[in-house]
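Good morning, and thank you for making time for this presentation. I would ask you to keep the sequence and the structure in view while I speak.

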Amino acid sequence: MASNNNSRIYIAIIGGGNASPELAALAREVGRELARAGAVVLCGGLGGVMAAAAAGVREAGGVVLGILPGPDRTDANP
């Protein structure tokens with residue numbers, strides 16, 4: 001398969017539903033850096049590490065896809 005310079009990299013972040021403030025800050029920074037690098041970030045759509053990473057991606061103007069464990073979108077983090 002030929003490579004395309006315009007293709008995006010997809011990276012998944014997996015982490016706990018609860019995160020200490022230090023871990024949440026780190027996850028947020030990882031999300032920001034991935035977005036700045038042009039990656040699409042996939043993560044859980046609930047809380048903790050995944051919410052922090054998603055917030056970092058949003059702050060940097062990136063694309064994040066949160067995957068929920070059920071059908072109710074209102075369960076998702078903002």
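Ile13 touches Val30, Leu34, Val41, Leu42, Cys43, Gly44, Val49, Met50 and Ala53, leaving out residues up to four places away in sequence; contact here means heavy atoms within 4.5 Å. Please note that this is a predicted model, in which local features need pLDDT of at least 70 and side-chain atom pairs count only at pLDDT 80 or more, while totals for chains, interfaces and linings use all residues. Residues are numbered from 1 along each chain as its sequence is written, and side-chain values use heavy atoms, with hydrogens and water left out.

Buried means under 20% relative accessible area, exposed means over 50%, and partly exposed lies in between, with a 1.4 Å probe and protein chains only.

Let me turn to the secondary structure. The protein has two helices and three strands, and along the sequence they follow the pattern β-α-β-α-β. Helices (H or I, at least four residues) and strands (E, at least two) are DSSP runs, numbered from the N terminus.

The three strands form an open sheet in the order E1-E2-E3, with parallel pairing. E1 and E3 stand at the edges, each with a single partner strand, so one side of each is left without a neighbour in the sheet. From one strand to the next, the twist averages 25°; axes are lines fitted to C-alpha atoms, for helices over the stretch in contact, and angles run from 0 to 180 degrees between N-to-C directions.

Two strands count as paired if DSSP finds at least two bridges between them. Strand E1 (residues 10–13) is joined to E2 by four bridges. Within that pairing, Tyr10 stands opposite Val40, and Ile13 stands opposite Cys43.

H2 lies across E1, E2 and E3, and runs at about 155° to E2.

Why is strand E2 (residues 40–44) described as largely enclosed by the rest of the structure? Four of its five residues are buried, so the description follows from that count.

Gly48 is found in the loop between E2 and H2. The C-alpha atoms of Gly48 and Gly17 are 4.2 Å apart, although 31 residues separate them along the chain. Setting aside neighbours within four places in sequence, Gly48 is in contact with Gly16, Gly17, Asn18 and Ala19.

Leu68 is in the segment after E3. Is Leu68 buried or partly exposed? With 23% relative accessibility, Leu68 counts as partly exposed. Beyond four places in sequence, its contacts are Gly45, Leu46, Arg73 and Ala76.

Asn77 is also in the segment after E3. Its side chain reaches the backbone oxygen of Leu46 at 2.5 Å. That is a polar contact, defined as a pair of N or O atoms within 3.5 Å; within protein, one must be able to donate a hydrogen and the other to accept it, and residues adjacent in sequence count only if both atoms are side-chain atoms. Not counting residues up to four places away, Asn77 touches Gly44, Gly45, Leu46, Met50, Ala51, Ala54 and Arg58.

I close with the overall values. Of the 78 residues of the protein, 28% count as buried. Among contacts between residues at least 6 apart in sequence, 65% join residues at least 24 apart. The C-alpha trace spans about 40 × 30 × 20 Å along its principal axes.
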